Amino acid sequence: MPSDSAWAHLLGGHWDLKRRAAAVLLLALLLGIGLIAGYFAGDALASSSAAAAQQASRSSSATRDSGSPPRLLRGLPELGSEGAAALLADPDTPDIVRGLYVFANDSATISADIVAGFMRALKAAQDAHQPPGGSSSLDVEPFIPLAADLLGYFRTAFSAALLPLLRLYAASGGTQLALTAVSPDLLQQELASLLNSSSLNAYYTQTARGCGTRPTAAAAAGGATLLAGSGLGFIWQGSSDGGAAPSLYLPQLVGDRLQAAARNLIDAANRHYNGTGVQFKFQAVRQDATAHAYLNLGTMQDWQHCTPHPNSDELDARGMACLARLALAPSVARLASRHVINVFVSGSNREDYCAEDDQVCRHSLAGLAHADGPWWNTTYADKSWREGDSAKNWVWLRWIHFDPDDLNRGEWQDGGTVLAHELGHYLGLLHTHEGGCQAGLPGQGDQVPDTAPQLTLEELQGRLAAGPAAAGTQPAPQLGVGLAGWCTAWRAGRQPPAADLQHFNSCPTPPPGKHASDQQIDGVFNLMSYVPAACSMLLTPGQVTRLQRVIVAHRPAMMAAHKAR
């Protein structure tokens, strides 16, 4: 690993984060999974109940937020068990249940090494079909360093050729590439559309912008509880007397896996706040809609739509209204009044949960902090905001960022990074790209002096694509791919060239009061920037100071309730 001094000049204030002597504030987080689905494929699953019943357990007379009859909750058998095999062999098992097992198996068997081997095998197969001495135009080398991200990339693209082939390659132990298992036309189409650097770059730039925290008048009311959750499978639910056909819930994590997922999410978020005087403490997980009836909205579609939406005012209003109702559930409001940070998890953009042409599945929003306090400028601050008001203080995450079979794995996967980013907003931090290149002007920017004015990665990519390079012989650099590769190499202990970061200077004209010599690269390693998860590494001293001041000035009751003793 390169030494600190090797990058000090390049990174400037971004690197010089001083550890402060402030007392650690242990903020409480309630984790509970907003499995807000209801009736789904219940009748189809009824004939499969024998396998699922091995996991049955009768719900207790737990406290409920509203009246609901006692119910029997039954989880699906664990992956690889006899019960799971029986369930998958049953022709009446719904496709979505089969898809859930496939998804979990992918995460268990498809490693970065498997993906890298698969990519090289594809290249070799393409070359073998060329004339003697020739080679195909397929270039997989840019993808190899990013192999750990490609499973998610294929999933997000709803791949119908490369992803099935990758699964078969993993099942063979990385020894066989079964090209005849998929349509050759579809395979060639995906090789062209997915295995090119432009498409992968678009994936990185679009997923890096996935924060919905930008207050608007339409988003004035909302609320939630930090939810974490789930073992393998769906929970299906019927009356305790067996008189009703079971209805199928969304997948939940059970037993130790639920707790482990929640703790990993918070541990990963806490690493971003080391040295800031703030740490987060796991309190509880809620995912049982029998014990907490407010989590049961009715259908899978309702669960999918109980989310913010960046591209549709109608869908956004529906999702925010749903979250607002959840925030007002009595037990959620009580937690907020005790200054617990409530976070909901709901909605998925994975194929198994998505209806055809479902708009909810076609956006990249990952999280949102609904806490529009006076730390925002006068345009966006909610004048009615007050500490402890459940409707005004909550965080939302998309399901994929909690799911340990998806992005809640490892030390710097998206899940913990997204949570840490949204908690930054909750405690007063703004995006480093606030105000763009006008950030140095009064009332603009993130109101932190040691973060450079900058554009988002997507905006900078657009500028470069339209600039002089686009008209010449050299194509514009693929910033998302390049930055993700640089940070992945850094994380692996290698020393990527500092010169590779030269393009990340989106606002070369220094702001008022600054000299040209004060310029530094964009905040490509900053938690509050829109960058690939591997690049989210730090907060600046100025951001730490702002965070601490916001807590003291605007969340004194939280500080008093949760300060370390």
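Predicted model: local features only at pLDDT ≥ 70, side-chain atom pairs only at ≥ 80, totals over all residues.
Let's start with His-305. His-305 sits in helix 12, which covers residues 300-305. Is His-305 buried or exposed? His-305 has a relative accessible area of 8%. The cut-off for buried is under 20%, so His-305 counts as buried. What does His-305 touch, leaving aside neighbours within four places in sequence? The contacts are Leu-315, Arg-318, Gly-319, Asp-358 and Val-360.

Stay in this part of the chain and look at Ser-348. Ser-348 lies in a loop. On one side is strand 7, residues 341-346, and on the other is strand 8, residues 367-370. Ser-348 counts as buried, at 0% relative accessibility. Again, set aside residues up to four places away in sequence. Ser-348 then touches Trp-303, Gln-304, Tyr-353 and Cys-354, and also Cys-361, Arg-398, Trp-399 and Ile-400. Now a distance. Ser-348 and Ala-366 are 18 residues apart along the chain. Their C-alpha atoms are separated by 9.6 Å.

Now step back to the whole chain. It has 565 residues, and 54% of them count as buried. How many helices and strands are there in the protein chain? There are 20 helices and nine strands. The protein chain exposes about 23400 Å². Carbon and sulfur atoms supply 53% of that area. Residues 24 or more positions apart account for 76% of them.

Next, two helix pairs. The crossing of helix 4 and helix 5 is left-handed. Which residues make the contact? From helix 4, they are Ala-84, Leu-87 and Leu-88. From helix 5, they are Val-97, Arg-98 and Tyr-101. By class, the contact of helix 4 with helix 5 has five nonpolar residues, no polar and one charged. An α-helix has 3.6 residues a turn, so residues three or four places apart point the same way.

The second pair is helix 11, residues 256-272, and helix 15, residues 414-426. Here the packing angle is about 60 degrees, and the axes are 8 Å apart. Helix 11 and helix 15 are therefore oblique to each other. Helix 11 passes helix 15 in a right-handed crossing. On the helix 11 side, the residues are Leu-265, Ile-266, Ala-268, Ala-269 and His-272. They meet Gly-415, Gly-416, Thr-417, Leu-419 and Ala-420 in helix 15. The residues of this contact divide into six nonpolar, four polar and no charged.

On to helix 7, residues 147-156. Helix 7 is mostly covered, with seven of its ten residues buried. Which ones are buried? They are Ala-147, Leu-150, Leu-151, Gly-152, Tyr-153, Phe-154 and Arg-155.

After helix 7 comes Phe-158, with a positive phi near 55 degrees. Why point that out? Most residues other than glycine have a negative phi. Phe-158 has a positive value and is a residue other than glycine. Phe-158 is found in the loop between helix 7 and helix 8. Phe-158 is buried, with a relative accessible area of 16%.

Gln-447 also has a positive phi, of about 60 degrees, although it is not a glycine. Where does Gln-447 lie? Gln-447 lies in the loop between helix 15 and helix 16, the latter being residues 457-466. Gln-447 is partly exposed, with a relative accessible area of 40%.

Leu-177 is partly exposed, at 22% relative accessible area. Leu-177 and Leu-165 are twelve residues apart in sequence. In space they are 7.0 Å apart, C-alpha to C-alpha. Leaving aside neighbours within four places in sequence, Leu-177 is in contact with Phe-118, Ala-121, Leu-122, Ala-125 and Tyr-169.

Note on methods:
Residues numbered from 1 in each chain as written. Heavy atoms only, no water. Axes fitted to C-alpha atoms, helices over the stretch in contact; angles between N-to-C directions. Helix = DSSP H or I, 4+ residues; strand = E, 2+ residues; numbered from the N terminus. Parallel < 35°, antiparallel > 145°, perpendicular 65-115°, else oblique. Left-handed = near helix turned anticlockwise from the far one by under 90°. Contact = heavy atoms within 4.5 Å. Nonpolar A, V, L, I, M, F, W, Y, C, P; charged D, E, K, R; others polar. Buried < 20%, exposed > 50% of the residue type's maximum accessible area, 1.4 Å probe, protein only. Areas by Shrake-Rupley, 256 points an atom, 1.4 Å probe, with all protein chains shown as cover.
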